[in-house]
Amino acid sequence: MPGLVPPCGCRGQGGAVQAWVVDAPAPVDRGPLRRVERDLPEPGPGQVRVRVTCCGVCRTDLHLAEGDLPPWRAAVTPGHEIVGIVDAVGLGADRFALGERVGVPWLAGTDGSCRFCRRGDENLCTAPRFTGWDLDGGYADACVADERFVYRLPDRLPDEQAAPLLCAGIIGYRALRCAAVPPGGRLGIYGFGGSAHLTAQVALAQGLRVHVFTRGEANRRLAAELGADHVGGAADPSPEPLDGAILFAPAGELVPVALRALDRGATLAVAGIWLSDIPALNYAAELFDERRLRSVTANTRRDGGEFLLLADRLGVRPTTVAYPMAEAPRALADLAHGRFAGAAVLHN
Ligand SMILES: [Zn+2]
Ligand SMILES: [Zn+2]
């Protein structure tokens with residue numbers, strides 16, 4: 001509660017914490033993560049310290065561990081779908097009370113002053129900071145975060161169910177808006193993992209017709225269980241023209257496939273932070289008729305706040321697979337090899 005927390009809420013709990021770090025990026029089966037012991041982080045001005053209850057496993061963590069995304073500093077701790085309890089606050093931090101449950105997402109900070117921040121597009125900030133890339137993330141016992149970028153979580157959401165909403169959910173929601181499907185329209189979803197299975201729930205609850213194209217029997221089964229109108233293979237043609245589509249799979253070769261499925265004037269939004277190369281496009285078959293191809297870059301805090309409220313109201317619930325924090329490498333390997341449907345969550 002603001003005012004009741006001492007200027008430095010640290011309660012003298014020194015000591016060590018365990019954290020996974022990206023040692024040397026490499027294919028996940030070669031063990032790029034290493035577990036280290038480090039000092040309990042102290043929150044700086046405006047920061048809160050969060051005791052991590054659980055942390056979702058996002059494909060971005062895999063890209064970081066494998067070097068598709070270059071680590072921006074040595075020995076960074078991945079993880080940006082963090083649910084935990086505020087147990088210390090830094091100077092001037094007064095948004096959260098000690099003991100409050102919070103969510104720490106991917107967007108960790110912006111400069112607040114660049115031309116994009118000033119016009120409300122902070123997802124395009126030219127000097128952004130990201131949890132689990134610039135700042136140590138949630139594959140650990142504790143982390144610190146700028147309180148202005150931390151979310152309160154709806155009470156009804158259990159920890160494990162809340163974690164995947166914090167990146168997979170929020171980015172998928174932004175991608176859905178970018179795909180700009182009109183009310184009652186037809187949405188195509190290419191790839192069906194942690195983000196897509198949440199986005200599909202929102203789209204279906206909003207009355208869209210949802211066509212899912214994905215490899216993997218478990219993913220196809222999950223899509224059908226959630227009520228998708230049509231489920232097909234990753235590169236199958238769509239049974240009807242799409243009013244918008246989202247590419248979740250990090251597979252550039254699916255871009256022309258999805259573009260061909262679009263109706264005139266429709267948009268394909270690419271949700272991932274990393275995509276393999278896109279093959280040459282055929283202008284007439286894949287772009288003409290004012291079809292659009294656009295990327296989705298991070299999110300604004302407004303996207304996150306809106307999505308968490310919407311997810312609570314619509315009852316969006318991730319399908320999760322729990323792993324102990326000690327088995328983070330196994331969770332990442334299982335994600336890489338498509339061994340589960342839905343979203344993995346690491347527990348302390
Ligand atoms: Zn900025
Ligand atoms: Zn993520």
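I began at Glu327, which has a relative accessibility of 30% and so counts as partly exposed, and I noted that I was working on a predicted model. Its partner is Arg330, and the closest N and O atoms of this salt bridge are 2.3 Å apart; Arg330 is likewise listed as partly exposed, at 41%.

I then looked up how salt bridges join up, and found that Glu42, Arg49, Arg51 and Asp87 form one network through shared partners. The count of salt bridges comes to 24.

Asp23 and Arg34 meet with an N to O distance of 2.9 Å, Asp23 lying in the loop between β1 and β2 and Arg34 in strand β2, eleven residues apart. Arg73 and Asp136 meet at 2.8 Å, N to O, and I placed Arg73 in the loop between α1 and β4 and Asp136 in the loop between β7 and β8, 63 residues apart. Arg73 has a relative accessible area of 32%, while Asp136 stands at 24%.

I turned to helix α9, residues 301–314, and checked its length: at 1.5 Å a residue its 14 residues should span 20 Å, and the end C-alpha atoms are 20 Å apart, which agrees. Among its buried residues I noted Phe307, Leu308 and Ala311, and the buried residues of the helix pack against β9, α4 and α5. Gly315 follows α9 with a positive phi, near 70 degrees.

Ile278 sits in the loop between β14 and α8 and is partly exposed at 38% relative accessibility.

How values were computed:
Residues numbered from 1 in each chain as written. Chains lettered and ligands numbered in written order. Predicted model: local features only at pLDDT ≥ 70, side-chain atom pairs only at ≥ 80, totals over all residues. Heavy atoms only, no water. Helix = DSSP H or I, 4+ residues; strand = E, 2+ residues; numbered from the N terminus. Buried < 20%, exposed > 50% of the residue type's maximum accessible area, 1.4 Å probe, protein only. Expected span 1.5 Å × (residues − 1). Contact = heavy atoms within 4.5 Å. Salt bridge = Lys/Arg side-chain N within 4 Å of Asp/Glu carboxyl O.
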